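Biologist: Could you take me through how a pair of helices sits together here?
Modeller: Gladly; here is the model.

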Amino acid sequence: IYTPFLIVLLLSEFLFLLIQPEKIAGVSDQFNKIGTITNWSLFSENMFMTGNNVSLLNPVIWSLIIEIRLSILFPFLFFFVSYWRIPAFIFLLIASFMLGTILLYALGNQFLIGQTFFHTGFFTLGIGLSLFWNQLNKIPKKWLFPLIFISCLLYFHVIFLVLFKIKNVQFISDIVIGIGSTGILIVCTQSKSIQRFLTYVVYLQLGKISFSLYLVHSVVLILMLRILSPFLSIIVIELISIPIIFSISYFCYLIIENPTKLIGQYLR
C-alpha cells in the first residue's frame with residue numbers, strides 16, 4: 001500500500017508545483033486550498049503519515065494513512081480475536097467505535113487519532129467475517145433476499161435521511177454503512193447469480209485497478225479543473241475527466257501498483 005501511496009504523493013507535489021494553481025470560481029474554499037501549499041513541511045507530514053494536513057495534496061490519502069497504520073496492528077488484532085473468539089470480537093468492536101467516537105469529538109482531526117481508533121472497528125468486522133465464516137456460510141438460502149434488502153437499506157440510508165430532512169450524525173452513519181457492507185459481502189459470497197454477475201470482465205478489471213483509481217482520481221480531477229476552468233464549465237470538465245481518470249489509473253496500475261505488489265510477494 002505504502003509504495004504506490006508515496007509515488008502518487010510525489011507526483012502530486014511535483015504537478016502542483018509545476019502548475020501553481022489559482023482559485024477557481026464556483027467551488028468551495030476547501031477545494032481551492034488543495035495544491036496551493038507545496039513545501040517540504042507539508043509533504044513530509046503526509047509522507048510520514050502524521051495525519052495532519054491530509055487534504056492539501058491528495059484529499060483521499062487520509063483513509064490510506066489509517067489503513068497503513070492498522071495493517072501494522074492487524075496481526076495483533078487478529079490474534080486477539082482468534083484466541084478469545086466471540087467475547088474478544090464483541091469487546092474490540094464496541095471499544096473501537098466508542099473510544100474512536102470520544103477521541104473524534106475530543107481531538108477532531110488531529111493526527112487522525114480518533115479516526116484510526118474508530119476504523120479499527122471495521123477491521124474487526126473483517127476479522128470476524130474471516131474467523132466465523134463457517135457459521136455465516138450456513139445461512140439458509142431463503143434468508144439471503146431479506147438480508148440483501150436490509151443490508152442495502154442500511155448502506156444507502158443517508159439517501160433517506162436527505163429525503164426526509166433528518167440530520168445525519170456522521171459516526172452513526174459510518175457504523176450503519178459498515179454493518180450494511182458486511183451483510184452485502186455475506187450475500188455476495190453465497191449467491192451464485194451475484195457471483196456470476198460480478199465475474200464479468202468489466203468488473204474484474206475495475207477491481208484490478210481499484211486501488212490505483214482511488215489514489216489518482218482526486219489529483220487528476222483537481223488538475224483538470226485547474227487547467228481547464230478558464231475555458232470550460234465545471235460539469236464539462238468533470239465529464240471529460242472520467243475517461244482520463246480511468247486511463248491514468250490503468251497506467252498507474254501497470255507501472256506502479258502491480259510491480260510493487262510483485263516485489264512485495266517476492267520478498268515475502
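Modeller: H1 and H3 are roughly antiparallel to each other, because the angle between them is over 145 degrees. This is a predicted model, where local features need pLDDT of at least 70, side-chain atom pairs count only at pLDDT 80 or more, and totals for chains, interfaces and linings use all residues. Residues are numbered from 1 along each chain as its sequence is written, and side-chain values use heavy atoms, with hydrogens and water left out.

Biologist: At what angle do H1 and H3 pack?
Modeller: Helix H1 (residues 2-19) and helix H3 (residues 40-47), both DSSP runs (H or I, at least four residues), pack at about 165 degrees with axes 10 Å apart; the axes are lines fitted to C-alpha atoms over the stretch in contact, and angles run from 0 to 180 degrees between N-to-C directions.

Biologist: Which residues meet?
Modeller: Tyr2, Phe5, Leu6, Leu9, Leu10 and Glu13 in H1 meet Phe43, Asn46 and Met47 in H3, where contact means heavy atoms within 4.5 Å. The residues of this contact divide into 7 nonpolar, 1 polar and 1 charged, with Met, Phe, Leu and Tyr among those counted as nonpolar and Glu as charged.

Biologist: Is H3 buried or exposed?
Modeller: H3 is largely enclosed by the rest of the structure, because 6 of its 8 residues are buried, meaning under 20% relative accessible area with a 1.4 Å probe, protein chains only. Its cover includes H1 and helix H4 (61-107).

Biologist: Switching topic, what follows H1?
Modeller: Gln20 follows H1 and has a positive phi, near 50 degrees.

Technical notes. Helix = DSSP H or I, 4+ residues; strand = E, 2+ residues; numbered from the N terminus. Parallel < 35°, antiparallel > 145°, perpendicular 65-115°, else oblique. Buried < 20%, exposed > 50% of the residue type's maximum accessible area, 1.4 Å probe, protein only.
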